[in-house]
Amino acid sequence: MTFLTKSIQKGDPVGMAGCGTMGKCMLKLLRDEGYTVYVYDTYPAAAEYALEHGGILVDNPEELVANAKVIIMSLPKPQHVFDVVGGEHGLRNFISEKHVIVDTSTVSPQTSQTAAELLKDTGAFYVDAPILGRPSAAGNWMMPAGGDTVAIEYVRPVLETFARNIVHVGGQGMGNAFKLLNQLMFSVINGVSAEVMALAEALGLDKKIFYEVISNSGAATVSGLFRETAGRMVDDHYDDPTFTIELLCKDAGLGIEMTKAVGITPLIAGFVQNLNENAKGKGLATKDTSSLSTVFRQFYSKIGG
């Protein structure tokens, strides 16, 4: 514990496993604050982006450990977390009590608990601190963090480069629990926004006027997510996604699995997840979540016809 008696210093090296949508935001802000950032990503486009934006590329997680004491993971799926932590060249084979792993990935509490267990004999600290906020809000994100309080405080200066607030919410995996419940809300709000916009069109309303009136009304029903996703629905702009249907299916699915593990099947979120999966099956997996509106439009056009 003596290693973590003071916080990491600005400018100290930081390791990153994953440089996707959120990782890109973190890399930029870390570099802006003067941190040296070592990046590991097997996806060529992400690796190229990291190199072009000031990151130092490494070939495997072992090299992250060799160059940095704080390693941030931002990975798509639970299996990617296990690969980075426990693979042949994974962190657990080289890491020590002088390292803190911060997993910002959207995964289940069980994933973080299992990953932390893999590192137990190394003495390294593991913090699950997923991100609440869209890429455009980088710098003002909220991060609910699960794990050891001392470790969270040690990495706080790094996290504060891209998060407005980091809140310790409990033990290992509790940060994930907060994030997955948030993702269930995201799914439902995205779903009702998609349906309402499709209904407006089915009723013969000009959907652009409908969107502008509702989003600027100040009504309690209007959310930031409605403004963003419904704005895409007006123009049928579903390419260049902020967040894909495929990832929404993954996140909401993890949230539903989490609640089922304690004997509860979510009703509204469960129904909307069926719609998400339907959209994915219709070829919309890589489109923005707002593309769910096209599924409603097709359905209502058949009824109206």
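Asn190 is buried, with a relative accessible area of 0%; buried denotes under 20% relative accessible area, exposed over 50% and partly exposed anything in between, computed with a 1.4 Å probe on protein chains only. This residue of a predicted model belongs to helix H7, which spans residues 174-202. Helices (H or I, at least four residues) and strands (E, at least two) are DSSP runs numbered from the N terminus. Apart from its neighbours within four places in sequence, Asn190 contacts Leu225, Thr229, Met233, Leu248, Thr289, Ser290 and Leu292, where contact means heavy atoms within 4.5 Å.

Because the model is predicted, local features need pLDDT of at least 70 and side-chain atom pairs count only at pLDDT 80 or more, while totals for chains, interfaces and linings use all residues. Residues are numbered from 1 along each chain as its sequence is written, and side-chain values use heavy atoms, with hydrogens and water left out.

**Pockets**

Rolling a probe the size of a water molecule over the atoms shows where empty space is left. The search runs on a 1 Å grid over the protein atoms alone: a cavity is a set of points where a 1.4 Å probe fits but cannot get out, a pocket is an open set with protein on both sides within 12 Å along at least five of seven lines, and lining residues have an atom within 4 Å of a point. Grid points are joined across faces, edges and corners, and a volume is the space filled by probe spheres set on the points.

The largest pocket has a volume of about 1,400 Å³. Its lining comprises 48 residues, and Thr21, Met22, Pro76, Phe243 and Leu247 are those nearest its centre. Two or more lining residues come from each of helix H1 (21-32), helix H2 (44-52), helix H4 (78-86), H7, helix H9 (224-235) and helix H10 (245-260). H7 supplies the largest share of this lining, six residues. By residue class, the lining of the largest pocket holds 20 nonpolar, 18 polar and ten charged residues; Ala, Val, Leu, Ile, Met, Phe, Trp, Tyr, Cys and Pro count as nonpolar, Asp, Glu, Lys and Arg as charged, and the others, Gly among them, as polar.

The second largest pocket has a volume of about 160 Å³. Its lining consists of Ile189, Val192, Ser193, Val196, Phe210, Ile214, Thr221, Val222, Ser223 and Phe226. H7 and helix H8 (207-215) are the elements that give two or more residues to this lining, and H7 gives the most, with four residues. Seven of the lining residues of the second largest pocket are nonpolar, three are polar and none is charged.

**Nonpolar cores**

A nonpolar core is a set of buried Ala, Val, Leu, Ile, Met, Phe, Trp, Tyr and Cys residues joined through side-chain atoms within 4.5 Å. The largest core has 35 residues, of which Leu30, Ile72 and Phe162 touch the most other members. Beyond its neighbours within four places in sequence, Leu30 is in contact with Val14, Met16, Tyr35, Val37, Ile72, Val158, Thr161 and Phe162. A second, separate core of 21 residues includes Tyr40, Val85, Ile95 and Leu119.

**Buried positions in strands and loops**

| Residue | Location | Relative accessible area |
|---|---|---|
| Gly18 | loop between strand S1 (14-17) and H1 | 3% |
| Val39 | strand S2 (residues 37-40) | 0% |
| Leu75 | loop between strand S4 (70-73) and H4 | 13% |

Gly18 touches Gly23, Tyr40, Asp41, Ser74 and Leu75, residues up to four places away in sequence not being counted. Leu75 and Ser105 are 30 residues apart in sequence and 5.2 Å apart in space, C-alpha to C-alpha.

**Cysteines**

A disulfide is a covalent bond between the sulfur atoms of two cysteines. With a disulfide defined as a pair of cysteine sulfur atoms within 2.5 Å, the structure holds zero disulfides. Cys19 is in no disulfide, and the nearest cysteine sulfur, that of Cys25, is 9.3 Å away. Cys19 counts as buried because its relative accessibility is 0%; Cys249 counts as buried at 4%.
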